[in-house]
Amino acid sequence: MSYHIHNPEAETMPREKLHALQSERLCATVKRVYENVPLYKNRFDEMGLSPKDIHSIDDITKLPFTLKQDLRDNYPYGLFAVPMDEVVRLHASSGTTGKQTVVGYTEADMKIWGEVMARTIGAGGVTKSDIGHISYGYGLFTGGLGGGLGSETIGCATIPASTGNTRRQVTILQDFKPTFILATPSYALTIAEFLDANGISADELSLKAGFFGAEPWTENMRAEIENRLKLKAYDIYGLSEIIGPGVAYECQCQNGLHVNEDHFYLEIIDPETGLPMPDGEEGEIVFTCITKEALPLIRYRTRDVGKKLSGQCDCGRSFVRMIKPAGRTDDMLIIRGVNVFPSQIESVLMDMQGIAPFFQLVVEREGNLDKLTVLVELTERTFTDEVRKLEAMSRQVTAAIHSVLGISAKVKLVEPRSIERFEGKAKRVIDKRTQANY
Ligand code: DLL
């Protein structure tokens, strides 16, 4: 198989050359933030660290971390490294708790964003003859405009469909004949569900690839989306603070996400000690922006959990791969002492027959004990089954959750289409212990 690569010179760069480029870029960035961002100057000074102490990318561990709280404390523009008249775009991420985080881009940052998103979409075989349907929200969220920018950078006819009005989206898919789509994985399933409910076959559409991200999703969900929308589903990862979508992307091997390492340097650390994890072990994902002008964050702690994959990818890219992030450390539920990511429950549910791919988790405290209720949606077909069959199914789900995750949960089967659908990121957890929904 020949693999499509948007920018072979960058994406297959020999590792030694990449190391030299990263080193040069890190040194320049460190100097710039020291001179232009008071937070970094103060932190370096407190640590007795000078930009001159950074000679190569291997010195990165000498640098201080940046936390989400630092962005909040310096809201809105306090960490920008350029004057506002050089900023051409602002975005913001709402987050699940606390104040929103504002991020900015210079003209050069926008070019980089277009480039890394073109690599991302290009990695799924997209070329300028393709037509792109962008179903991420356009607005302060980075998904829509970032996705559109990548599609236009390749030279594709780009449809800024944004989110919502699924009927209209499907008409566009039928009539404008886009060949690829960008959406959250949960919205992709909402589209698939609309097709089924309206007797429209995915064969009537022209989609050959989809680029799904902005939330964790499992291999089972990938299979479901690929079968129902009749396309290849690629995972794309990013976060506003670093650039938006375009930080890491899957290639046609669909085996881990390549990090755009010439722009974003990846580290995996132990969240407790802050020390680097041994290669191949899971920990907190940390990124350093080594080319950004407006908001070059140093060692930004994403709170996402991930690990690096070792070995060369068959596609020929030299960029390191990371596994699909399972979730954020702050999305992780601790149920009676057991760590549970909502994506692990999704994985269990998607393995079972007769269950729709929509679920919700409700966590409560009864006395001193955490209680987890899993609302599981039935499909039209199973919903009409007799009570005895449903009871058996409920027992089966409870047993599967127990055997995979080691926790007992109460399973509640609910009617088809009764769990809320989301156009953007899905909210799967209602935590009544903290009143948080995410
Ligand atoms: O979600 C940027 C984005 C847009 C990525 C469209 C991909 C596609 P934020 O709103 O700042 O930015 O949220 C970033 O979303 O830290 C992860 O926790 C989560 N996330 C993003 N992509 C993935 C993914 C955008 N592929 C936060 N798998 C990140 C798992 C993801 N989690």
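Reply: By class, 12 nonpolar, five polar and nine charged residues form the lining of the second largest pocket. Here Ala, Val, Leu, Ile, Met, Phe, Trp, Tyr, Cys and Pro count as nonpolar, Asp, Glu, Lys and Arg as charged, and the others, Gly among them, as polar. The model is predicted, so local features need pLDDT of at least 70 and side-chain atom pairs pLDDT 80 or more, while totals for chains, interfaces and linings use all residues. Residues are numbered from 1 along each chain as its sequence is written, and side-chain values use heavy atoms, without hydrogens and water.

The lining comprises 26 residues, and R228, I355, A356, P357 and T379 lie nearest the centre of the pocket. Two or more lining residues come from each of α8 (185-197), α9 (219-229), α10 (342-350), β18 (355-366) and β19 (369-378). These elements are DSSP runs numbered from the N terminus: helices (H or I, at least four residues) and strands (E, at least two).

The pocket lies between domain 1 (1-327) and domain 2 (333-437), because both give residues to its lining; the domain bounds come from an automatic or database domain assignment.

The second largest pocket holds about 540 Å³ of space. A pocket is an open set of points on a 1 Å grid over the protein atoms alone, where a 1.4 Å probe fits, with protein on both sides within 12 Å along at least five of seven lines; lining residues have an atom within 4 Å of a point. Points are joined across faces, edges and corners, and the volume is the space filled by probe spheres set on them.
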